[in-house]
Amino acid sequence: MDEGQLSRGTKAWWWVAGIAVIVYALFPVAWIVSLSFKTPSDLANLQFLPTNWVWDNYDNILVGDAQNLFLSALRNSVGISLIATFISVVLATFAAYAIARLDFPGKRLILTTALAVAIFPVISIVTPLFNLWRNIGLYDTWPGLIIPYLSLTLPISIWTLSAFFRQIPWELEQAAQVDGATTWQAFRKVIVPLATPGVFTTAIISFFIAWNDFVYGISLTSTEAARPVPAALAFFTGASQFEEPTGAIAAAAVVVTIPVVILVLLFQRRIVSGLTQGAVKG
Amino acid sequence: MAAITLKDINKTYGDGFRAVQDVNLEIADGEFVILVGPSGCGKSTLLRMIVGLEDITSGEMFIGGQRVNEKAPRDRNLSMVFQNYALYPHLTVYENIAFPLRLSKTPDKEVDERVRRAADLLELNEHLERKPANLSGGQRQRVAMGRAIVREAQAFLFDEPLSNLDAKLRGQMRTEISRLQKRLGITTVYVTHDQVEAMTLGDRVVVLRRGVVQQVATPRELYENPVNLFVAGFIGSPPMNFISATVVGGRLHTPFGEWTLPESRSADLSGREVVLIGARPEAFEDASIVSDTVRDHGVVFDATIDVTEWLGNEQYAYVPYEAPEDIRAQLAELERELDSEALRTQLVVALDASSRIPEGTPASLWLDLRRVHVFDPETGENLTVKAMAQRGEATPEPARGNGGPPAEPGDSPAEPAAP
């Protein structure tokens, strides 16, 4: 709303800077989109736009040879990521609420442990996990990926949510109780509506982390039973062994980007910050 | 509407800190009671114990004759205005005010009626559809009040409701709260650290210090007959002056001369060597403009005024003086407790605006001895008030935590012997 007060020069500079950022961020995406529409002979012709726009690559992964590989991977990715996100958000909501609202021994310990887990390099635990999973039968199963994904998503979820809950004034809950609400009513009618944006933000971050994972995906799976998309892309083959599967990979990359984009657009309105503004003075 | 009774109320925190100690208080139905004291005196804790947001460590609390110690806040049927308003940011002003009614499943028609009535009263009609974030501080404050009055609560509780407003708005809202309370006639407990709010709003004022009730009295009684140094120093702006004096045969030797107290203010000085004399700024006057009829009731002394502040309707003059070290230390300690800082021992003297005493020259000042108090420097007790009580001239209410019901008009304490 301050735009009207900016001078024309400043405004122009903002536009230039903004466009530069957008080009920098979106150019690789545009390249992949363009690749996915190219014919195999076009791939290395150093042209940005395809000479012929073809759907071959999409046909290949959705109904053609790579169909089995891709569709099962897509199903695995969606399922595993959603389940991991759901569990992590539910657990993190309870944990963060307790951390923000209650005073109990070991509170700092939980937060520092969460942080320690988050900074632990994934690659260093993947080998022992591989052995363990094979021994207890979790190798190449959905739970076998969901559990390690929780170790990635829980720490960040707990941290973001507890920071978010801390911003909600404690007094709102007390005010609701004085106004005649039970603890549950105060939570449902006051805290939940205020916490929703934070929970959605956390859910989206968790989903991205699980969705984008490659190391666990490729190490802890061996078949279509549980292999997620990022890992499956590595198994794509061309029409012959002399042909690179670049086009198919590009098409698959575009397809897996779409749910993420839809998700963000869908919940964009939910992620508006500053909803708590106006609750209290200042 | 209900009376609130506190019996031997104590609050001890987990670390052993006693925030509230043995508070006894009877708040009559419809009475406006102020809890006042410097920060950390336990006034907010006491209020939160009444509303049920803090547990009562020991003692009993009755609201409308019913014991409420074990009741949850929602079962006490009280309404509260929080210091930071605690409005629900996701609801409109209308729904904020309607919130308590929605919780009690009031029919929509009645909700609408009562919300509109409250909004009328607080002039919030044009803002009903807005969100709290878009309101000014004063408007938010009124919404918080609206939420409190929309329900037929047994009592209103205010926790420093005006401290977030600027000075001008605070004055307006103060009048507004007073008007609203008189109109609705609901028992009100109001916490503040601002003594102007305490003096102007309350039927009775409870002065707290470190969790202990010092005095429960009408604002006038507090001002004219403070029971101890703390109350005397806390109530009044500029504060009461304290002058050290040595007792020599019933006469008082002060840095400003030798004074003898009149019969009406005399106190039991036997066995005491040092006392503190308390005199409010307005007990002093420029000796040259004191009329002859009253001159004999006071003493005239010479003092050097170093600064004067002329305010139009009156002026304040500052007279620095030397006090013995131990008395100085004690006064500094008192100041610290009152959230201020004494840089030097000085008299603050209120002079008539027409007085033309120049700064930096010795001047002749007059002190009305009928309006001074004598304090015990060790215990802080007001010996004058004590002596008056013993003589039966006035009946200041007992010092420690015994707030009786408000005085009936018939038996109000006799005015101290001021003309």
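# Notebook: two chains, one predicted model

I started by counting elements: chain A has eleven helices and zero strands. Helices here are DSSP runs of H or I with at least four residues, strands are runs of E with at least two, and both are numbered from the N terminus. Residues are numbered from 1 along each chain as its sequence is written, while chains are lettered from A and ligands numbered from 1 in the order in which they are written.

**Entry 1: chain A as a whole**

I looked up the box that the C-alpha atoms of chain A fill, and it is roughly 75 × 65 × 30 Å along the principal axes. Of the 282 residues in chain A, 32% count as buried. Buried means 20 or more other C-beta atoms within 10 Å of a residue's own, exposed means 12 or fewer, and partly exposed is in between, with C-beta atoms placed from the backbone. Next I checked contacts, meaning pairs of residues whose C-beta atoms, placed from the backbone, lie within 7 Å. In chain A, residues 24 or more positions apart make up 76% of the contacts with a separation of 6 or more.

**Entry 2: helix α1 of chain A**

I picked α1(A), residues 8–36, which has 29 residues. From first C-alpha to last it reaches 41 Å, close to the 42 Å expected at 1.5 Å a residue. That expected span is 1.5 Å times one less than the number of residues.

Where does α1(A) bend? I found a bend of about 40° at Leu26(A), and Pro28(A) follows within four residues. The bend is the angle between axes fitted to the seven residues ending at a residue and the seven starting there. I also noted that α1(A) is hardly covered, with two buried residues among its 29.

In the model, residues 12–33 of chain A are 100% helix and 0% strand, and their end C-alpha atoms lie 30 Å apart. Residues 78–97 of chain A are also 100% helix and 0% strand, with 28 Å between the end C-alpha atoms.

**Entry 3: one loop residue in chain A**

I found Ala225(A) in the loop between α9 (215–219) and α10 (229–233) of chain A. Is Ala225(A) buried, exposed or partly exposed? It counts as partly exposed, because Ala225(A) has 13 C-beta neighbours inside 10 Å. Leaving aside neighbours within four places in sequence, Ala225(A) is in contact with Asp140(A) and Thr141(A). The C-alpha atoms of Ala225(A) and Asn76(A) are 7.6 Å apart, though these residues are 149 apart along the chain.

**Entry 4: where chain A meets chain B**

I looked at the contact between the chains: 22 residues come from chain A and 26 residues from chain B. On the chain A side, α7 (170–178) and α8 (183–212) are the elements that give two or more residues. The largest share, six residues, comes from α7(A).

By class, that side of chain A has eleven nonpolar, eight polar and three charged residues. Ala, Val, Leu, Ile, Met, Phe, Trp, Tyr, Cys and Pro count as nonpolar, Asp, Glu, Lys and Arg as charged, and the others, Gly among them, as polar.

**Entry 5: the domains of chain B**

I noted that chain B is divided into domain 1 (4–224) and domain 2 (229–393), with bounds from an automatic or database domain assignment. Taken over C-alpha atoms, their centres are 37 Å apart. Each domain of chain B gives nine residues to the contact between them.

I found a cis peptide bond from Ser237(B) to Pro238(B), with omega near -5°. Pro238(B) sits in the loop between α8 (229–234) and β11 (241–248) of chain B.

Asp22(B), in strand β2 (residues 18–27) of chain B, has a positive phi near 45° without being a glycine. Asp22(B) counts as partly exposed because 18 C-beta neighbours lie inside 10 Å.

Glu160(B) is not a glycine either, yet its phi is positive, about 40°. I located Glu160(B) in the loop between β7 (155–159) and α5 (167–184) of chain B.

How values were computed
This is a predicted model: local features need pLDDT of at least 70, side-chain atom pairs count only at pLDDT 80 or more; totals for chains, interfaces and linings use all residues. Two residues are in contact if their C-beta atoms, placed from the backbone, lie within 7 Å.
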